[in-house]
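Q: I'd like to learn how to read strands, sheets and domains in a model like this one. Can we go through it step by step?

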Amino acid sequence: MKKNIFFTMIGLFLLLTTASAQNKKRIPTKGLAVFEEKGKFKPYEFSRHAVGDNDIQIEILYAGICHSDLHHVHAAWGKEEFPMVPGHELAGRVVKIGKNVTKFKVGDYAGIGCMVGSCRVCDACKQNHEQYCEHGAIMTYHGVDRYNDNEHTQGGYSKDYVVASDFAIKIPADAQIEKVAPLLCAGITSYSPIMYAGVKRGDKVGIAGFGGLGHMGVQYAVALGADVTVFDITEDKRQDAMRMGAKHYVNVNNPDDLKDLNNTFNFILSTIPTNYDMNMYLKMLKYDGQMAIVGLPPFAQMPTISLDKFIWQGNRKIFGSQIGGIKETQEMLDYSVKNNIYPEVVIIDAEGSLVDEAYKNIMDGKVKFRYVIDMKTLK
Ligand SMILES: [Zn+2]
Ligand SMILES: [Zn+2]
């Protein structure tokens, strides 16, 4: 009898340890990576940390290509680590949940934006601005996850992601899932400063740079009832701007278009990812006007503005803005789906050569407006 109890105990112990080992098992996955600065995309097998009690595992369906992915692959913002799987706009389906997770169930749509963790206790985190965490937010890729054994994070051009459920965004079941991914960076990055600036009906709003971010900014400003002017450097996008509800289009390379614009705008959103004349835009702000900077050019092409310009154009404000907190990202997503605001996307298969080609087209300004990779096609 005693012997039986002994063996039952041993059996139970083995069962429990195997179960807990299985729970702690890393998740094998694969994606598309570059293996050196400015490298080509190739298949890459790697693993992610196990699904912890508060985590979910997402099977990635779609991953957006953000202009900042190019900057990272090109190491335009400083040293990077390779291999690198970029991608911080991802939409997919929950395939596994940790035992404490109540926000999601298996089968739900879920998304991840630019960050996957933060300290949760500093003032910024407590005020739902995790992107400004005083200890540093953990980036979705090219980050170091201090809460998961200092794992080097890899992004969304991949099959699966494991993330703390409170850093995942709920995607409504009726969303156009193939278009959702870019909302999680391009969408929130333009939505947040528009809301912060308090843009309202009748305001004159300028959107400078009409690409992935800019075309989202136009849609949000139009939805709020603003009178929108789009600025870009090409004629090619004039019709697109009008179609999205802009009232005016300024080709910055056409001097006639730029006449009589000083002291015009309540708010300007600059999404420009390269060097430009900031003072030109500052002069276009009305008294008390505001300009938000969300486009971040490479360090070698960073625009500057001399202090005297601020004094001559006094009581206008320029502020920077970086994505949005998790709460605001959820608000943005719900607002976008409810108001049918989506990016215009070109969907490509998950093949290295197609991503290389997409990068080239983005560099050459040839995309309208966002590439999305269909991760289900990854071989
Ligand atoms: Zn981005
Ligand atoms: Zn924090």
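This is a predicted model: local features need pLDDT of at least 70, side-chain atom pairs count only at pLDDT 80 or more; totals for chains, interfaces and linings use all residues.

Q: How many bridges hold β16 and β17 together, and in which sense do they pair?

A: The general idea is that strands of a sheet pair through backbone hydrogen bonds, either parallel or antiparallel. Here β16 (residues 285-293) pairs with β17 in the parallel sense, over four bridges.

Q: What is the strand order of the sheet?

A: Read across, the order is β14-β13-β12-β15-β16-β17, an open sheet of six strands with parallel pairing. The edge strands, β14 (248-251) and β17 (317-320), each pair on one side only. On average, neighbouring strands are turned by 15° against each other, ignoring direction.

Q: Which strands does helix α6 touch?

A: Helix α6 (residues 212-223) packs on the sheet, touching β12 (204-208), β13 (227-232) and β15 (265-270), and its direction makes about 170° with that of β12.

Q: Where do β18 and β19 come in, and what is the hand of their crossover?

A: Strands β18 (residues 345-349) and β19 (residues 370-374) run parallel, joined by five bridges. The chain goes from β18 through helix α11 (residues 352-363) to β19, a right-handed β-α-β crossover.

Q: And which domains does the assignment give?

A: Domain 1 covers 23-185 + 325-377, and domain 2 covers 187-320. Their C-alpha centres lie 27 Å apart. In the contact between them, 22 residues of domain 1 meet 17 residues of domain 2. On the domain 1 side, α10 gives the largest share, four residues.

How values were computed
Residues are numbered from 1 along each chain as its sequence is written. Chains are lettered from A and ligands numbered from 1 in the order in which they are written. Two strands pair if DSSP finds at least two bridges between them. Helices (H or I, at least four residues) and strands (E, at least two) are DSSP runs, numbered from the N terminus. A crossover is right-handed if, with the strands pointing away from the viewer, the path from the first strand over the helix to the second runs clockwise. Axes are lines fitted to C-alpha atoms, for helices over the stretch in contact, and angles run from 0 to 180 degrees between N-to-C directions. Two residues are in contact if their C-beta atoms, placed from the backbone, lie within 7 Å. Domain bounds come from an automatic or database domain assignment.
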